[in-house]
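Trainee: I would like to understand how the words used for a structure follow from the values behind them. Could we go through some of them together?

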Amino acid sequence: MTQDSECFSADFKPAPYWWDASPRQPDDLSKLPATADVVIIGSGYTGLHAAVQTAREGLDTVVVDAEAAGFGCSTRNGGQISTSVKPSYSTLCERYGEALAVRILKEGQASLHHVRDFVSDEGIDCSFDEVGRFHGAHTARQYDKLAREAEHRHPGFETGAFMVSRDKQHSELGTDAYYGGIVFPRHSSIDPGKYHAGLVGVAKAAGAAIVSQCRVNDLERGPQGFELSTDKGRIRAGKVIIATNGYTGPLSPWQQRRVIPIGSYVIATEEIPAETMDRLFPTNRILSDTRKLVYYYRPSPDRKRILFGGRVSLQETDPRKSGPKLLAELVRLFPDLKGTRISHSWAGIVAFTFDTLMHCGEDNNLFYGMGYCGSGVGMAGYLGAKLGRAAAGVDTDLGAFSEIPFRTRPFYTGNPWFLAPSVAAYRLRDRLGI
């Protein structure tokens, strides 16, 4: 038996932990209708939130997906909900000016509130909890940087954040690996499998049809709208919403040139004694750190396991290979977990952008929202709902993320050949604390 194979529990599954309680649906035998008012490509958070809006406005809505509904990152993420916007206020001001910078940050806040309100209003049982986030500083320099940012209470970013010094860190997290950190008390956790399953139910109840195992092979624009060729036949639509994020491909080449697909990898541990969980995770917060190649982790909703994710490879690989790498980092952070094994290991594809911001827009009844940069649990649904309302003609203002340029790079066609040197540079910067 190899050392890596000893990392896995006897009941190990190379599949998302969330699928245990929310298994993938069997092959869809639904037929594709010949026409629809709106066809939505992608059945994740973006597509389904859009479908809820269009269907409730009386539009004949069809959601199609190449795989089972929610096969992608909507059921593969770590279940962490933040305010989603990565660039700082000062960076946004330099790029776009103060007014638009504040609007962008307010959109981030709104995305967090959107999930909370949607789950409550629709009665979705998905372990939603406003637990807060501890964001650890992996160097003293990074702690000082976080402290400076926390002192700058600018408009549009009223997070209630507070610093936790290294000598008080154990009140938040049972590790000495960080130099303190910052707490964002309104960040939240969720069971993404149950959330997606509940969202499917809401969309169907609104009248949307969801046709899975129905890859779209061609999208043609005509004088009367669009015609889509799929694995289950052809369908005509007046409007189309592209909601494919990290799985965006040659079907929509303009968008494909503007998103960078990156593999994100997650493990769930076997069950851990309650006293150990209480010592290591006394506050039940979601967690992340200041590394460029960030780790994100949390207790499972029942506090019996740890879910630990990060970017440990440049492309999708066998989860039996990525899992031990993640476990090694988990044990480095928490030496008390030495000997703990992996019960689940999986991966998904997230979409980054060249400006590390999400984008949405519309081109003559072709709508899109994508590029969530690893923060899509809140923002995907929020922008999806905006796209749905716009497609239904209820509110055509898509907000700040439709007003910023969605740029690509020369010669980039969707294959991120530059990731290897970029990741090497990030690893060096993480080691140096830059």
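Trainee: Why is Tyr297 called buried?

Mentor: In this predicted model, Tyr297 has a relative accessible area of 0%, and because buried means under 20%, Tyr297 counts as buried. The value for Phe308 is also 0%, so Phe308 is buried by the cut-off of 20% as well.

Trainee: What makes Tyr297 and Phe308 an aromatic pair, and why is the pair called tilted?

Mentor: The ring centres lie 5.3 Å apart, and since rings pair if their centres are within 6.5 Å, Tyr297 and Phe308 qualify as a pair. Tyr297 belongs to strand β15 (residues 295-299) and Phe308 to strand β16 (residues 306-310), so the pair ties together parts that are 11 residues apart in sequence. Ring pairs also join Tyr297 and Phe308 with Phe281, Tyr295 and Phe334 in a cluster, and the search of the whole structure finds 14 aromatic pairs.

Trainee: How do you know that Arg103 and Glu403 form a salt bridge?

Mentor: Their closest N and O atoms are 2.8 Å apart, and because the rule asks for a side-chain nitrogen of Lys or Arg within 4 Å of a carboxyl oxygen of Asp or Glu, the pair meets it. The two residues come from distant parts of the chain, with Arg103 in helix α3 (residues 98-122) and Glu403 in the loop between α9 (376-391) and α10 (419-432), 300 residues apart. By this rule the count comes to 15 salt bridges.

Trainee: Why are Arg103 and Glu403 called partly exposed?

Mentor: Arg103 has a relative accessibility of 35% and Glu403 a relative accessible area of 41%. Buried would need a value under 20% and exposed one over 50%, so Arg103 and Glu403 are both partly exposed.

Trainee: What makes Glu172 and Arg285 a salt bridge, and are these residues buried or exposed?

Mentor: The closest N and O atoms of Glu172 and Arg285 are 2.5 Å apart, and because the cut-off is 4 Å, the pair counts as a salt bridge. Both Glu172 and Arg285 are buried.

Trainee: How many residues apart are Glu329 and Arg332, and where do they lie?

Mentor: Both are in helix α8 (residues 319-333), three residues apart, which is about one turn of the helix.

Trainee: Why is Ser82 called buried, and which polar contact does its side chain make?

Mentor: Ser82 has a relative accessible area of 12%, and because this is under 20%, Ser82 is buried. A polar atom of the Ser82 side chain lies 3.0 Å from the backbone nitrogen of Ser84, so the pair falls within the 3.5 Å cut-off for a polar contact.

Conventions:
Residues numbered from 1 in each chain as written. Predicted model: local features only at pLDDT ≥ 70, side-chain atom pairs only at ≥ 80, totals over all residues. Heavy atoms only, no water. Buried < 20%, exposed > 50% of the residue type's maximum accessible area, 1.4 Å probe, protein only. Polar contact = N/O pair within 3.5 Å; in protein donor to acceptor, adjacent residues only side chain to side chain. Helix = DSSP H or I, 4+ residues; strand = E, 2+ residues; numbered from the N terminus. Phe/Tyr/Trp six-rings, centres within 6.5 Å; stacked < 30°, edge-to-face > 60°.
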